[in-house]
Amino acid sequence: MFPKLRHAAVVAALPMMMASAINADEDVPSYAKAGDLMRLDNGVVIEGADLTSPDGYTTGFRVTAGFSPSQLPRLDFGAELAYRESDEVPTSLNSQHLILDTVSLGGAVLAGVRVGRLGFYAKSGIAGWHGDSVTRENAFPSETGGTTWLQGFGAKLQFDRLISRLEYEEIDAPSLAHLNLATASIHYPF
């Protein structure tokens, strides 16, 4: 196909794709993943999933519960609880390199909006964490920990059963920088 015709085809298809995304009426919350969803009679949606990091340091789980008010059907509200355990993570403390085993437990509130098949959400919360030094040197404390803020945002686009997601999550602690993630995914449940 000639380059000008290819560009014209893409430009002509974009308005149709956007109209399809905006005009659809999906009832899946904006923050919902492609995992198992449980819907209660009162409209609450509960979802759980295992967590693993791409670098292999971290495992854990995440549980999310939320609802969409019947008076405001395009808005989503929820709460999330996440537990993460990381083994032998290289990090730095007081400008010195060290290796930590960390455990964190975080909670966040979520708010989202859906416009047809397109959904946006944000989350904000707090995480408590505890770290044990694997490298035992006198210059480093053997244990460290504290609480810190966590925040994130994401977007979801769904066409029938095909779901694409883009998400960013950040925990505001230098020792937990390995938990800051930007992820993109495409799901097709069958």
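Q: Let's jump in at Phe77. How accessible is Phe77?
A: This is a predicted model, and in it Phe77 has a relative accessible area of 33%, so Phe77 is partly exposed.

Q: OK, and how many aromatic pairs turn up in the whole structure?
A: The search finds three aromatic pairs. One of them joins Phe67 and Phe77: the ring centres are 6.2 Å apart and the planes are at 45°, so this pair is tilted.

Q: Which strands do Phe67 and Phe77 lie in?
A: Phe67 is in strand β3 (residues 58-67) and Phe77 is in strand β4, so the pair ties together parts that are 10 residues apart in sequence.

Q: And Phe67, what does Phe67 count as in terms of accessibility?
A: Phe67 comes out at 40% relative accessibility, so Phe67 counts as partly exposed.

Q: Nice. What about Phe153 and Tyr168, how do they pair?
A: Phe153 and Tyr168 make a tilted aromatic pair, with 5.8 Å centre to centre and 45° between the planes. Phe153 belongs to strand β7 (residues 143-159) and Tyr168 to strand β8, so here the linked parts are 15 residues apart in sequence.

Q: Phe153: buried or exposed?
A: Phe153 counts as exposed, because its relative accessibility is 51% and the cut-off for exposed is over 50%. Tyr168 has 29% relative accessibility, so Tyr168 counts as partly exposed.

Q: Switching topic: how many cavities are there of 30 Å³ or more?
A: The count is three. The largest cavity holds about 50 Å³ of space.

Q: Which residues line the largest cavity?
A: The lining is made by Glu80, Leu81, Ala82, Arg84, Gly106, Gly107, Ala108, Leu150, Glu169 and Ile171. Two or more of the lining residues come from each of β4 (75-93), β5 (96-115) and β8 (162-171).

Q: Which element gives the largest share of that lining?
A: That's β4, with four residues.

Q: Last one, on β5. How is β5 joined to β6?
A: β5 and strand β6 (residues 118-133) run antiparallel, joined by 16 bridges. Leu110, for example, has Lys123 in β6 as its bridge partner.

Q: What sits between β5 and β6?
A: The two strands form a hairpin with two residues between them, and in the turn Gly116 has a positive phi of about 65°.

Definitions and conventions:
Residues numbered from 1 in each chain as written. Predicted model: local features only at pLDDT ≥ 70, side-chain atom pairs only at ≥ 80, totals over all residues. Heavy atoms only, no water. 1 Å grid on protein atoms, 1.4 Å probe; cavity = no way out; pocket = protein on both sides within 12 Å on 5 of 7 lines; lining within 4 Å. Points joined across faces, edges and corners; volume = space filled by probe spheres on them. Pairing = 2+ DSSP bridges. Phe/Tyr/Trp six-rings, centres within 6.5 Å; stacked < 30°, edge-to-face > 60°. Buried < 20%, exposed > 50% of the residue type's maximum accessible area, 1.4 Å probe, protein only.
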